[in-house]
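Thanks, I will keep this short.

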Amino acid sequence: MDILTTLNTAHSAIKIARETFSTLLDSKIEEKAKEKINAAMTNIGNLQDSLFEIRNELFQLQTERDNLKKELDEVNNWDSK
């Protein structure tokens, strides 16, 4: 499994967890449980932010890699002439 697939899977799992906690929060439960759910939702939000940053950085790295490959191909083509 490549890193992008792993990130997308992690994002989906976090989204499901967030929706589950949100549903629990809306139901009639004790205040202590709501506090723990809110803390868990905050942590999930932080995870989502981190995944978003990782995905953006991965995209930038892939773009940079592609540009470097193009440059290398141009140099190799130039050398072969």
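I start with Ala-40, which is buried at a relative accessible area of 19%; buried means under 20% relative accessible area, exposed over 50%, and partly exposed in between, with a 1.4 Å probe and protein chains only. Ala-40 sits in helix H2, where helices are DSSP runs of H or I with at least four residues, strands are runs of E with at least two, and both are numbered from the N terminus. Nineteen is also the separation to mention here: Ala-40 and Phe-21 are 19 residues apart in sequence, with 7.7 Å between their C-alpha atoms.

Before going on, two remarks on the source. This is a predicted model, in which local features need pLDDT of at least 70 and side-chain atom pairs count only at pLDDT 80 or more, while totals for chains, interfaces and linings use all residues. Residues are numbered from 1 along each chain as its sequence is written, and side-chain values use heavy atoms, with hydrogens and water left out.

H2 has 50 residues and spans 73 Å from its first C-alpha to its last, close to the expected 74 Å at 1.5 Å a residue; the expected span is 1.5 Å times one less than the number of residues. Its buried residues are Ile-37, Ala-40, Met-41, Ile-44, Gly-45, Gln-48, Leu-51 and Leu-58. What do the buried residues of H2 pack against? They pack against H1.

As for the geometry of the pair, H1 and H2 pack at about 160°, and their axes are 9 Å apart. H1 is therefore roughly antiparallel to H2. The axes are lines fitted to C-alpha atoms, for helices over the stretch in contact, and angles run from 0 to 180 degrees between N-to-C directions. Angles under 35 degrees count as roughly parallel, over 145 as roughly antiparallel, 65 to 115 as roughly perpendicular, and the rest as oblique.

Next, the core. The largest nonpolar core has 5 residues: Leu-7, Ile-14, Ile-44, Leu-51 and Leu-58. A nonpolar core is a set of buried Ala, Val, Leu, Ile, Met, Phe, Trp, Tyr and Cys residues joined through side-chain atoms within 4.5 Å. Helix H1 (3–26) and helix H2 (31–80) each supply at least two residues of this core, and the largest share, 3 residues, comes from H2.

Two residues show the packing in detail. Leaving aside neighbours within four places in sequence, Ile-14 is in contact with Ile-44, Leu-47, Gln-48 and Leu-51, contact meaning heavy atoms within 4.5 Å. Gln-48, in helix H2, is buried at 18% relative accessible area.

Gln-60 lies in H2 and is exposed at 53% relative accessibility; its C-alpha is 16 Å from that of Thr-5, 55 residues away along the chain. Ser-80, also placed in H2, is exposed at 60%. Ser-80 and Glu-30 are 50 residues apart in sequence and 74 Å apart in space, C-alpha to C-alpha.
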